[in-house]
Amino acid sequence: MAALSSFFRRSLRRPGRREGKVEGSAAETSSSRVPQGKPGERSSLFYSAGQFFFEYLVVVSLKKMSDGHYEPKITYQFPKRENLLKGQKEEEERLLKAIPLFCFPDGNNRVPVTEFTSETFSFVLTNVDGSRKIGYCRRLLPSGRGVRLPEVFCIISCLGCFGLFSKILDEVEKRRQISMAVIYPFMQGLRESPFPAPGKSVTIKSFIPESGTELIELTRPVDAHLEHVEFQALLQRLSPHLILHIFASAVLERRLIFLAEELSVLSQCIHAVAALLYPFTWAHTYIPVVPECLLDTVCCPTPFMVGIQMRHLERVLDQPMEEALIVDLCEGKIIRAVGDEEEILPVKLQNEVLTSLSRHNNNNNVQTSEQVNALVSETFVQFFVRVVGHYASYIKWSKNGSGAFQERPFCKAITSKTSRRFVKKFVKTHMFSLFIEEAEKSRIPQEAYFQRKITEYQAQKQHRRAS
């Protein structure tokens with residue numbers, strides 16, 4: 001437990017262009033390392049088509065211990081991996097030890113019940129290289145009579161697509177009410193199917209007793225950068241002003257704590273805040289639902305974005321933490337702030353974002369989740385287009401094809417004093433460094449959607465000048 005606690009409390013950052021070796025490196029944390037996806041991936045939540053949907057499906061149940069309390073244990077695992085090398089087996093063991101903590105982050109003080117509303121949430125395990133695995137969870141009450149304890153079905157995947165995996169968990173829950181034996185063939189069929197390309201579907205055949213063979217169609221959203229987000233969860237709980245303050249804090253990589261009682265609210269809202277940073281990626285400690293035993297994460301002096309259940313508010317406030325933004329998602333208010341959140345962003349752009357968000361909130365037309373996601377994302381993408389969209393013009397290319405970003409000329413090129421003041425701070429962040437590192441590797445833009453918006457904006461500027 002001590003090794004796991006040490007691992008999750010650390011700010012697991014990759015070295016940036018301006019930083020040397022970062023403390024808490026891979027060598028220093030090898031004792032608690034969790035196996036992850038592709039090293040060096042700029043955004044490890046968005047992977048290409050053709051991969052496995054998932055690595056594991058596990059069931060975590062509460063087992064009563066000799067002292068009377070309950071402890072989460074993995075009681076089912078699919079697939080069972082055999083013939084692993086020693087290093088692979090050790091990594092798998094560390095991963096499987098970590099999962100139960102996050103499936104029951106609200107502690108082990110449980111009482112058997114007869115009724116329980118199932119809930120969906122997710123957690124993220126971050127490696128020292130910044131790559132991540134996501135745990136998609138469905139907590140439910142097993143079928144039966146009398147009092148029972150809830151259990152969690154958890155799908156571990158490198159792929160970020162919350163909506164799609166929620167649908168998969170719907171199918172798992174439906175089969176669980178029949179028999180555990182019915183889950184295996186469905187998950188086997190899913191594992192044998194390739195992850196579809198954006199906008200494409202895959203069809204899974206699955207047999208259910210008394211119902212026959214079902215065809216289940218799983219469709220991936222067209223916009224890959226929006227497939228792990230639900231902005232409506234954020235808009236329903238926070239005003240546009242508060243969302244902007246949170247965005248300002250996140251973009252300067254400060255410490256952010258979100259409070260709510262429901263695990264689903266915490267995970268949805270924190271994923272949404274991280275998605276506001278697109279095309280940049282939050283590369284520091286990121287725990288959508290902090291297990292009770294790791295609450296001292298908030299004492300970490302480095303940046304973090306974490307979610308904590310409201311019942312632990314007093315314990316959090318009693319911690320000797322440094323300056324942080326603490327957000328109450330239940331009441332839609334900020335409990336604690338640094339105090340300068342209103343002054344971080346350029347005033348003109350800040351007002352434009354507020355106007356856009358307020359328009360979405362006041363729109364009486366019924367909008368789908370996909371429409372809301374697209375509209376909110378567009379608002380914040382346009383912010384980054386306006387302030388740093390000229391970055392590619394300030395990458396100097398050598399004859400051997402490598403690029404070197406010219407930071408000073410890049411900042412000087414910004415005519416607005418307030419925008420320049422903001423950008424001078426933003427270019428020092430880790431997320432900007434990582435973005436530029438990738439941009440320096442190839443003349444081909446790394447984020448096609450962002451580049452398209454930059455091109456559209458530049459074309460509009462030229463048109464206005466011409467007219």
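Tutor: Let us begin with burial. Cys154 is buried, as its relative accessible area is 0%. Please keep in mind that this is a predicted model.

Student: Is Cys158 buried or exposed?

Tutor: Cys158 is buried, because its relative accessible area of 10% falls under the 20% limit. Across the chain, buried residues make up 54% of the 467 residues.

Student: How many disulfides does the structure hold?

Tutor: A disulfide requires two cysteine sulfur atoms within 2.5 Å. The structure holds 0 disulfides. Cys154 is in none, and the nearest cysteine sulfur to its own, that of Cys137, lies 3.8 Å away.

Student: Let us turn to the secondary structure. How many helices and strands are there in the chain?

Tutor: The chain has 14 helices and 14 strands. Its contacts can also be sorted by separation in sequence: among those between residues at least 6 apart, 66% join residues at least 24 apart.

Student: Where is Thr114 found, and with which residues is Thr114 in contact beyond its neighbours in sequence?

Tutor: Thr114 is found in the loop between helix H2 (86-103) and strand S3 (119-126). Leaving aside neighbours within four places in sequence, Thr114 is in contact with Leu141, Gly146, Val147 and Arg148. The C-alpha atoms of Thr114 and Gly146 are separated by 5.9 Å, although these residues are 32 apart along the chain.

Student: How is the length of helix H6 to be checked, and what span should its 12 residues have?

Tutor: The expected span is 1.5 Å times one less than the number of residues. Helix H6 (residues 240-251) has 12 residues and should therefore span 16 Å; its end C-alpha atoms are 16 Å apart, which agrees.

Student: How many residues of H6 are buried?

Tutor: H6 is mostly covered, with 11 of its 12 residues buried. Among them are Pro240, Leu242, His245, Phe247 and Val251. Just after H6, Glu253 takes a positive phi of about 55°.

Student: In what order do the strands of the open sheet lie, and which are its edge strands?

Tutor: The edge strands are S9 (285-287) and S12, each of which pairs on one side only. Neighbouring strands are turned by 25° against each other on average, direction ignored. Helix H7 (residues 263-275) packs on this sheet and touches S8, S9 and S10 (304-309); the direction of H7 makes about 165° with that of S10.

Student: Which strands does S11 join, and how do the pairs run?

Tutor: Strand S8 (residues 255-260) is joined to S11 by 4 bridges, and the two run parallel; Ile257 stands opposite Ile326 in S11. Strand S11 (residues 325-328) is joined to S12 (residues 333-336) by 3 bridges, and these two run antiparallel. Asp328 stands opposite Lys333 in S12. The hairpin of S11 and S12 has 4 residues between the strands, and Gly332 takes a positive phi near 65° there.

Student: At what angle do helices H10 and H12 pack?

Tutor: Two packed helices are described by the angle between their axes and the distance between those axes. Helix H10 (residues 369-388) and helix H12 (residues 417-426) pack at about 95°, with their axes 10 Å apart. H10 and H12 are therefore roughly perpendicular to each other. The contact is made by Phe383, Phe384, Val387 and Val388 of H10 with Phe422, Val423 and Phe426 of H12.

Key: Residues numbered from 1 in each chain as written. Predicted model: local features only at pLDDT ≥ 70, side-chain atom pairs only at ≥ 80, totals over all residues. Heavy atoms only, no water. Buried < 20%, exposed > 50% of the residue type's maximum accessible area, 1.4 Å probe, protein only. Pairing = 2+ DSSP bridges. Axes fitted to C-alpha atoms, helices over the stretch in contact; angles between N-to-C directions. Contact = heavy atoms within 4.5 Å. Parallel < 35°, antiparallel > 145°, perpendicular 65-115°, else oblique.
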